[in-house]
Each structure stands twice: as C-alpha cells, then as structure tokens.
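The exercises below are meant to be worked through with the sequence and the model side by side. Try each task before reading the solution that follows.

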Amino acid sequence: MADVRLRILPPWSTFINEIEALFDGDPQIACNVNVDGTNPSIVLATNNPDKAAALLKLLPSEKTFGNVTLKIGVDCHTISNMAFVNPKELFETAFSGNPAFAYVVSTEDYWYVPFTYVVFKNCVVQFFNDNLNDPHGVLSTLYQDIAKEVFADCQMAGGVAYCTDVERKLGKPVDEWVKLN
C-alpha cells in the first residue's frame, strides 16, 4: 500500500496567496515571497513612490498565526510623503493600474459619517491552496473577500466595505437608494 499523506498549507501561506492574488495583475507591483524556515515574509516591490506610501498605510507590517509571524513589507527606492486626504484617495492610489480594481465610492458627501466602498472586478479569483474541497486543490473566491481579509487590521476613520462590481444594470448608486436629508 502506498504511503499517502495529505499536506495542508499553513494559514500564513494562504494569506500570502491572497496578497499575491490581489496584486497579481498590477504591472507596477512584484511580490517577493520567502516561505523557507520559520520566518515567512512577503515584500511588495514597486517603483511608484505614491503607491508604496498607500500600501504601507493599508497593509500590516506583520501578521501572527499562532507561533509564526509573517513579515509584510513594501520596497521602493523612495517612499512618497503623500498625505492621503481620505480612504477613497488611499485606495485609488494603491490600486491604480490594477486590473482587479474597478472604482471607489465615498459617501462623505451624502452622510454625516463617511463610508467608503472599494469595488473590485466581477470575477472569480482562483489560486492553489491545498483545498481539499476542490479536485484541483484551488480556492475560488472574490477579490472583495480577499481584500476584507488582507486589510482587516487597517484602521480608518469611518467605515470601509469591499464589494464586487455588477455586470449588468442591477441596483442603484448609493445616493439613489439611501434617503438623504
């Protein structure tokens, strides 16, 4: 009988896979991953100083999974000292040129409490993740779910929601379905 052992990726590898999937199509970002040993890390390299500054504000510098700490970094020759006025500007800068990104809507013009909707492309994202619920081992998800996980520790004034764009005329813009005073 063959010795068959199932391997499941550790949670920090899933987090790395999520970051890579979120920025995979961005021509201005390269993800450099190190999962050797007990000190895993991922560094997002870019030549865009404004994008680097935005990513530094959005991404945690580390994330702990039990007794393993994943180091997360941003590498750029120079980092912009751009002061982001609001979350809308921050996300637009971080995702400029990224094909996964659709647009950002901010309600600060409509409500007393600012709220930001970060809208991603309407498509299924797949990456290998030792998923035993899939015959190919892939995880199928949406960019909004990845962003919610990756940016979970990001503290911002007001609220931020991660959403998926609609393919056809469905629903209404926020200012049409929310009763404004």
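Helices, of at least four residues, and strands, of at least two, are runs assigned by DSSP and numbered from the N terminus. The model is a predicted one.

**Exercise 1. Work out in which order the three strands of the open sheet lie, and which strands form its edges.**

Step 1: the open sheet has the strand order 5-6-9, and its pairing is mixed. Step 2: strand 5 (101–106) and strand 9 (159–164) are the edge strands, since each of them pairs on one side only. Step 3: from one strand to the next, the twist averages 20°. Step 4: strand 5 and strand 6 (residues 115–120) run antiparallel and are joined by five bridges, and Phe 101 has Phe 120 in strand 6 as its bridge partner. Step 5: helix 3 (residues 87–94) lies across strand 5, strand 6 and strand 9, and runs at about 170° to strand 5.

**Exercise 2. Decide whether Phe 115 is buried, partly exposed or exposed, and find what surrounds this residue.**

Step 1: Phe 115 is found in strand 6. Step 2: its relative accessibility is 24%, so Phe 115 counts as partly exposed. Step 3: leaving aside residues up to four places away in sequence, Phe 115 touches Val 105, Ser 106, Thr 107, Gly 159, Val 160 and Ala 161. Step 4: Lys 88 is 27 residues from Phe 115 along the chain, and the C-alpha atoms of the two are separated by 9.3 Å.

**Exercise 3. Characterise how helix 1 and helix 4 cross and which residues meet there.**

Step 1: the axes of helix 1 (residues 11–23) and helix 4 (residues 143–150) come within 10 Å and cross at roughly 125°. Step 2: because of this angle, helix 1 is oblique to helix 4. Step 3: the crossing in which helix 1 passes helix 4 is left-handed. Step 4: Phe 15, Glu 18, Ile 19, Ala 21 and Leu 22 in helix 1 meet Tyr 143, Ile 146, Ala 147, Glu 149 and Val 150 in helix 4. Step 5: sorted by class, this contact has eight nonpolar, no polar and two charged residues.

Notes:
Residues are numbered from 1 along each chain as its sequence is written. This is a predicted model: local features need pLDDT of at least 70, side-chain atom pairs count only at pLDDT 80 or more; totals for chains, interfaces and linings use all residues. Side-chain values use heavy atoms; hydrogens and water are left out. Two strands pair if DSSP finds at least two bridges between them. Axes are lines fitted to C-alpha atoms, for helices over the stretch in contact, and angles run from 0 to 180 degrees between N-to-C directions. Contact means heavy atoms within 4.5 Å. Angles under 35 degrees count as roughly parallel, over 145 as roughly antiparallel, 65 to 115 as roughly perpendicular and the rest as oblique. A crossing is left-handed if the near helix is turned anticlockwise from the far one by less than a right angle, and right-handed if clockwise. Ala, Val, Leu, Ile, Met, Phe, Trp, Tyr, Cys and Pro count as nonpolar, Asp, Glu, Lys and Arg as charged, and the others, Gly among them, as polar. Buried means under 20% relative accessible area, exposed over 50%, partly exposed in between (1.4 Å probe, protein chains only).
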